[in-house]
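Subject: Structure handover

Hi,

Here is the structure for you to look through. Please open it next to this email.

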Amino acid sequence: MPITAADIQLASRLADAAGAAIRPYFRAEHGVEFKDDHSPVTRADREAEAAMRKLLDAEAAGDGVIGEEYGEKPGVTGRQWVLDPIDGTRSFTVGRAIFGTLIALVEDGWPLLGIIDQPVQRERWLGVAGRPTTLNGRPTRTRTCQQLEGAVLATTSPHLFAEDDVPHYMALVAAASGGHTRQGPVYGGDCYNYGLLASGQLDIVVESGLQLYDFAALVPVVEGAGGRMCDWNGDPLTSASAGHVLAIGDPARTDDVLEAIRATAGNDHGH
């Protein structure tokens with residue numbers, strides 16, 4: 001079914017609830033712990049997701065829910081709310097306001113609505129399939145990029161990539177920077193990079209090893225701003241995607257980006 005005004009309003013209230021839970025812990029005692037995979041989690045992560053789930057239980061009980069902290073709740077409608085209360089917990093724990101709350105509405109595996117919410121700076125990108133993306137209610141657009149060399153590329157950290165993915169990433173870095181180290185990538189940022197790309201501040205974001213809750217919300221935001229979201233093979237991102245993610249502000253550069261990322265031996269990413 002198409003996204004309705006009620007869906008958008010509910011998504012916005014989910015972001016409000018998460019932000020209210022997160023802000024008191026920013027640059028304050030947040031009780032950081034480490035999961036089995038050694039990634040950090042805080043009281044803010046858990047309380048923000050719990051607040052969103054409570055709202056969904058009350059207002060969209062038939063929909064499924066997938067969240068980073070509390071797993072999956074099956075639904076009966078074919079729709080799933082996909083939640084990442086703090087994407088960029090490491091940045092949050094050191095007081096950097098470049099994390100965000102991610103909220104997506106996925107139907108039959110396709111992300112149709114997405115929010116990137118930065119609750120400290122109070123910046124909220126909203127993307128809905130078939131509609132222009134907005135930042136705090138105002139339309140926002142990606143920028144044109146005349147050629148790959150000189151494009152501004154960002155990633156959270158190549159240290160998060162699988163070993164086999166690093167040469168492909170470095171090939172893309174070389175193509176975008178022209179081999180000039182001072183024109184290298186922007187590091188850090190997690191989901192905030194995708195908001196910046198949607199607002200015309202970055203040209204390319206590349207990541208490896210993401211989960212559905214890491215990327216579902218990004219798709220409607222970037223594409224509604226005029227950009228392209230795909231995996232490293234150029235295929236659309238769905239709930240079945242393996243987690244190799246590309247965001248390209250100017251879709252005209254898509255073939256250039258894909259050619260560059262494949263420009264090393266062993267170009268089968270198994271998607």
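Predicted model: local features only at pLDDT ≥ 70, side-chain atom pairs only at ≥ 80, totals over all residues.

Residues are numbered from 1 along each chain as its sequence is written, and side-chain values use heavy atoms, with hydrogens and water left out.

Start with helix α4, residues 166-177. Helices here are DSSP runs of H or I with at least four residues, strands are runs of E with at least two, and both are numbered from the N terminus. The expected span is 1.5 Å times one less than the number of residues. For the 12 residues of α4 that gives 16 Å, and the end C-alpha atoms are 16 Å apart, so the two agree. Just after α4, G178 has a positive phi of about 65°.

Several α4 residues are buried, including H168, L172 and A176. Buried means under 20% relative accessible area (1.4 Å probe, protein chains only). Their cover includes β11, β13 and α8.

How do α4 and α8 cross, and at what angle? Their axes come within 7 Å and cross at roughly 130°. Axes are lines fitted to C-alpha atoms, over the stretch in contact for helices, with angles from 0 to 180 degrees between N-to-C directions. The pair is therefore oblique; under 35 degrees counts as roughly parallel, over 145 as roughly antiparallel, 65 to 115 as roughly perpendicular, and the rest as oblique. H168, A171, L172 and A175 of α4 meet V257, A260 and I261 of α8. Contact means heavy atoms within 4.5 Å.

Best wishes

Note on methods. Buried < 20%, exposed > 50% of the residue type's maximum accessible area, 1.4 Å probe, protein only.
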